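Reader: I would like to learn how to read a structure such as this one. Please take me through a few features.

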Amino acid sequence: MPDWLIAPGPASRELGEEVARRLGLDLLDLELTIFPDGESKIKIKRDVQRSSVVVIQSTYPPVDRNLMQLLFIAHKLSEMGAEVYAFVPYLAYARQDKEFLKGEVVSIAVVARLMRAAGIKRLDTVDIHSINALAYFAFPAHTISAIPLLAEYLKTNYSLREPIVVSPDLGGAARAEGFASILKTEHLILKKARDRVTGDVSVEDIDVSLEGRDAVLVDDIISTGGSIEKAATLLYKKGVKKVYAACTHPLLLGDALQRLAKADVEIIGTNTVPSVVSKVDVAPLCASHLSTICT
Ligand code: R5P
């Protein structure tokens with residue numbers, strides 16, 4: 001029987017510690033130094049030979065620093081004789097899963113190769129943006145969903161008026177459908193278009209009245225907040241009383257928080273990306289998933 005350890009990376013310290021506590025597993029301590037030029041230096045503080053180690057490290061901004069730290073930790077652990085598993089609560093680059101415009105790098109494919117080169121034997125993540133991205137990994141790669149946890153949270157903590165669950169785009173249809181089934185209500189799918197050059201978002205008008213109802217927009221990521229802002233504006237035009245946005249990964253870059261507050265949107269996120277709106281803790285979900293692996 002291998003000895004299982006949890007190594008919380010610098011980006012997911014709290015979450016990793018809570019997962020280890022729930023699983024009753026020992027923590028592997030790491031020492032991190034950031035040099036003045038931004039380089040990370042990591043030291044593993046115990047012998048890990050013949051151990052199985054789950055490294056928990058999210059790759060929210062600074063994306064490349066957090067990703068490099070994951071690769072460094074994994075590489076050193078496997079060099080020291082451990083079997084390395086990566087649990088990446090938010091997996092960056094999953095939106096770059098194809099060559100949308102000629103000449104574009106399929107970045108997630110490169111990330112997958114780097115992880116393999118670093119010795120990672122398995123990847124688990126939460127609500128990956130595109131399931132297609134998993135196909136680039138030459139080792140087992142899985143995604144689990146925090147959408148049911150978000151839906152349960154809203155069901156328990158809010159008195160929603162005739163709620164309608166809304167996906168801001170076609171890609172999120174299954175997420176909205178699952179969310180709506182937990183709230184036992186209907187869902188609606190908006191048609192969003194993103195300009196691949198400028199990144200600007202537009203949402204197609206809908207011929208439906210939502211007078212007096214509450215709407216819950218469901219998305220995997222809120223990055224700049226542009227998609228949710230556009231969708232919320234449309235929903236308010238259709239008579240919605242209050243717009244909520246439930247998302248797994250609240251990246252909330254730049255002025256996203258102020259922008260969405262101005263658009264009268266209340267955001268409910270998870271702690272795959274720690275933020276002021278991370279009201280839903282994914283530790284129980286991660287621990288229960290990992291309990292099927294760490295045996
Ligand atoms: C894209 O399809 C994703 O599901 C999100 O809708 C998107 O990443 C959100 O980005 P932003 O907040 O910048 O509009």
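Reader: In which hand, left-handed or right-handed, does α4 pass α5?

Author: First, the ground rules. This is a predicted model, in which local features need pLDDT of at least 70 and side-chain atom pairs count only at pLDDT 80 or more, while totals for chains, interfaces and linings use all residues. Residues are numbered from 1 along each chain as its sequence is written, and side-chain values use heavy atoms, with hydrogens and water left out.

Author: Helices (H or I, at least four residues) and strands (E, at least two) are DSSP runs, numbered from the N terminus. A crossing is left-handed if the near helix is turned anticlockwise from the far one by less than a right angle, and right-handed if clockwise. Here α4 passes α5 in a right-handed crossing.

Reader: At roughly what angle do the axes of α4 and α5 cross?

Author: Axes are lines fitted to C-alpha atoms, for helices over the stretch in contact, and angles run from 0 to 180 degrees between N-to-C directions. The axes of α4 and α5 (residues 173-183) cross at roughly 40 degrees and come within 9 Å.

Reader: Which residues of α4 and α5 meet?

Author: Contact means heavy atoms within 4.5 Å. On the α4 side there are Ile147, Pro148, Leu150, Ala151, Glu152, Leu154 and Lys155, and they meet Arg175, Phe179, Ile182 and Leu183 of α5. By class, the contact of α4 with α5 has eight nonpolar, no polar and three charged residues. (Nonpolar covers Ala, Val, Leu, Ile, Met, Phe, Trp, Tyr, Cys and Pro; charged covers Asp, Glu, Lys and Arg; the others, Gly among them, are polar.)

Reader: How do α1 and α8 cross?

Author: The axes of α1 (residues 13-23) and α8 (residues 283-291) come within 9 Å, with a crossing of roughly 50 degrees. That makes α1 oblique to α8; angles under 35 degrees count as roughly parallel, over 145 as roughly antiparallel, 65 to 115 as roughly perpendicular and the rest as oblique. Leu15, Glu18, Val19, Arg22 and Leu23 of α1 make the contact with Ala283, Pro284, Cys286, Ala287, Leu290 and Ser291 of α8.

Reader: What is the strand order in the open sheet of six strands?

Author: Two strands pair if DSSP finds at least two bridges between them. The order is β10-β9-β13-β14-β15-β16, with parallel pairing. β10 (186-189) and β16 (278-280) each have a single partner strand, so one side of each is left without a neighbour in the sheet. Four bridges join β14 to β15, and Val243 stands opposite Val265 in β15. At the other pair, four bridges join β9 (residues 164-167) to β10, where His187 is the bridge partner of Val165.

Reader: Which strands does α4 lie across?

Author: Helix α4 (residues 147-157) lies across β13 (214-222), β14 (242-250), β15 (265-270) and β16, at about 145 degrees to β14. Helix α6 (residues 226-237) lies across β9, β13, β14 and β15, at about 170 degrees to β13.

Reader: Is Ser52 buried or exposed?

Author: Buried means under 20% relative accessible area, exposed over 50%, partly exposed in between (1.4 Å probe, protein chains only). Ser52 is buried because its relative accessible area is 4%. Asp207, in the loop between β12 (201-203) and β13, is exposed, at 84%. In β15, five of its six residues are buried.
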